[in-house]
Amino acid sequence: MDKQIRSRVSLLNPVHFLAFGFGSGLAAKMPGTFGTLAALPLVVLLSHYASFSVYLIVTILVSIVGIWICGKTAQDMGVHDDSSIVWDEVAGMLITMLAVPLSWQTLLVGFVLFRFFDILKPWPISYLDKHVHGGFGIMIDDVLAGVFALGVLHLGLFLI
């Protein structure tokens with residue numbers, strides 16, 4: 001992120017702090033991967049201490065509120081979907097691990113699957129990424145990548 005854009009945002013602003021994945025999106029390289037890593041403590045916390053209903057409600061709220069968080073931060077930055085905005089990765093990782101029995105193995109496979117779909121963006125993810133803008137556009141490709149990863153992860157668990 002260049003200095004001019006950096007001057008428009010602040011980690012002291014709670015909206016920017018969340019959009020940057022608690023600061024993880026400011027990593028010099030692979031901010032999306034670091035944003036996904038930042039989601040892991042939340043996934044573990046919810047998986048261990050919350051019911052399925054609470055996990056689902058939190059995931060839905062993170063995804064819906066993320067539309068505004070990401071859109072507002074992108075607007076403040078003056079850049080659509082800057083790589084430092086990683087709240088969408090947090091939502092995608094929460095979706096990936098929905099109703100998955102938590103272990104280090106499932107967490108690792110979920111992480112890899114989500115990053116795979118988020119980076120490669122198979123259709124229709126690639127279409128949405130290119131044609132949908134604003135906060136919804138920032139969020140929808142990662143939400144869908146999370147749904148794809150969730151499906152593959154659950155299929156794998158079913159087949160084992």
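Predicted model: local features only at pLDDT ≥ 70, side-chain atom pairs only at ≥ 80, totals over all residues.
What percentage of the 160 residues of the protein chain count as buried? I get 46%, with buried meaning under 20% relative accessible area (1.4 Å probe, protein chains only).

Residues are numbered from 1 along each chain as its sequence is written, and side-chain values use heavy atoms, with hydrogens and water left out.

Next I looked up the fold. I find eight helices and zero strands in the protein chain; helices (H or I, at least four residues) and strands (E, at least two) are DSSP runs, numbered from the N terminus.

Then overall size. The radius of gyration is 15 Å, which agrees with the value near 15 Å for a compact globule of 160 residues; I took it over C-alpha atoms, and the globule rule is 2.2 Å times the number of residues to the power 0.38. Along the principal axes, the C-alpha atoms fill a box of roughly 50 × 35 × 25 Å.

I also picked out helix 6, residues 104-120. Its 17 residues reach 24 Å from first C-alpha to last, close to the 24 Å expected at 1.5 Å a residue (1.5 Å times one less than the number of residues). Its buried residues include Phe-111, Phe-114, Arg-115 and Asp-118. I see the buried residues of helix 6 packing against helix 3 (31-49), helix 5 (87-96), helix 7 (125-131) and helix 8 (134-159), where contact means heavy atoms within 4.5 Å. Lys-121 follows helix 6 and has a positive phi, near 50°.

How values were computed: Buried < 20%, exposed > 50% of the residue type's maximum accessible area, 1.4 Å probe, protein only.
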